[in-house]
There are 2 protein chains.
Amino acid sequence: MTFDVANRLFFRLYQSSNLMHKNGTRYVSDFGATTQQWAVIGALARPIAREKGMSVKDLIEFLLLSRQNLSAVLDRLEARHWVERVKDPDDGRTRLIRLTPEGETQWAAMLGPIQSFYTEALKGLSEEEQVQLYRLLDRLRDGLERL
Amino acid sequence: MTFDVANRLFFRLYQSSNLMHKNGTRYVSDFGATTQQWAVIGALARPIAREKGMSVKDLIEFLLLSRQNLSAVLDRLEARHWVERVKDPDDGRTRLIRLTPEGETQWAAMLGPIQSFYTEALKGLSEEEQVQLYRLLDRLRDGLERL
DNA sequence: TTGATTATATCAAGGCATTGGCATATCTTG
DNA sequence: CAAGATATGCCAATGCCTTGATATAATCAA
């Protein structure tokens, strides 16, 4: 492992992440949303999650953030009636987080700007390079998770 | 551009960045530091910056964050006497940010844990893949910057 | 049933990140 | 010299992120 290479790698990650949040949030600011909320809603909008919803625990493991942090994001989304917390009939301890009809509508409307963001941001990378990048990020995430 | 590929890419970026900050900060927590402070100090510790220091403007452009945010990070570092703000003799408006001797000492001591963090986190990636990854991140950052 | 575990919620403190606006000092330009 | 641009600092509001501690309810196991 070369220090310099690793240093550049994590520094680029730092820069890219900051820019993703800053500019990504601009793309969905008409909805009063942020990139983090977009990540949560995106998770809940997946076919698998849309049926039953996702427990807080599942969301935490999926998004890789703390319970207290997710809770705050969910509070803001709940206040806007985009998501709801319902009791899991199979386990009284669990709360299932689900998109409300309003949330589904907002998500559908956000897909346009999100698509634009993706297209603009990835202009410099071919489809093949994009796949390469997300696979490398997959392995980086796995490495970081094991720490 | 495939929506799904882009979506995975940015989601991995989000996850990796969160993990980098969470676990990276653990590696330097003995010093009471964070990954962001480590980024700032790392920038100031470069040979180019060590001579004259860096202006706030330069640091902002290098780290890609807002003036107000950087200012707060610098305030915390200054309070611990790791950095100092000195007037630029060539331009009275400019403040040059420099590592203090104390800051240099701390940085030197942090290099061990940082090296460990890099090694552990990048275990799953070959040197070649690490280079590939940081180059792709370079292009991603450039794309994000132009938005 | 009692006791331990699990899932969630809440409170608190601290740090990082953004935007927007206002103020001050300095340099540059006309 | 006056006007405009530049560099920085400060205030405020908002949201995201962490750790740590405490509390409550429900499930599971001895």
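A residue is called buried if 20 or more other C-beta atoms lie within 10 Å of its own, exposed if 12 or fewer do, and partly exposed in between, with C-beta atoms placed from the backbone. By that count, buried residues make up 34% of the 147 residues in chain A.

Some ground rules. This is a predicted model, in which local features need pLDDT of at least 70 and side-chain atom pairs count only at pLDDT 80 or more, while totals for chains, interfaces and linings use all residues. Residues are numbered from 1 along each chain as its sequence is written, and chains are lettered from A and ligands numbered from 1 in the order in which they are written.

Chain A first. It has 7 helices and 3 strands; these are DSSP runs, helices being H or I with at least four residues and strands E with at least two, numbered from the N terminus. Starting at the N terminus, their order is α-α-α-β-α-α-β-β-α-α. Along the principal axes, the C-alpha atoms of chain A fill a box of roughly 50 × 35 × 25 Å.

One residue to look at is A:His81, in the loop between H5 and strand S2 (83-88) of chain A. A:His81 is not a glycine, yet its phi is positive, about 60°. Is A:His81 buried or exposed? It counts as exposed, with 12 C-beta neighbours inside 10 Å. In chain B, B:His81 has a positive phi of about 60°, lies in the loop between H5 and strand S2 (83-88), and is exposed with 12 other C-beta atoms within 10 Å.

Now the two chains together. Their contact takes 49 residues from chain A and 49 residues from chain B, where contact means C-beta atoms, placed from the backbone, within 7 Å. On the chain A side, helix H1 (3-27), helix H6 (101-121) and H7 each supply at least two residues. That side divides into 26 nonpolar, 12 polar and 11 charged residues. Here Ala, Val, Leu, Ile, Met, Phe, Trp, Tyr, Cys and Pro count as nonpolar, Asp, Glu, Lys and Arg as charged, and the others, Gly among them, as polar.

Within this contact, how do H7(A) and H1(B) lie to each other? The axes of helix H7 (residues 127-145) of chain A and H1(B) come within 9 Å and cross at roughly 30°. Axes are lines fitted to C-alpha atoms, for helices over the stretch in contact, and angles run from 0 to 180 degrees between N-to-C directions. The two helices are therefore roughly parallel, the term for angles under 35 degrees. The contact of H7(A) with H1(B) has 12 nonpolar, 4 polar and 6 charged residues.

Last, the DNA. A residue is near a strand if its C-beta atom, placed from the backbone, lies within 6 Å of it. Around DNA strand D there are 25 residues, the closest being A:Ser66, A:Asn69, A:Gly92, B:Ser55 and B:Lys57. H5(A) gives the most to this surface, 5 residues.

Definitions and conventions. Parallel < 35°, antiparallel > 145°, perpendicular 65-115°, else oblique. Contact = placed C-beta atoms within 7 Å.
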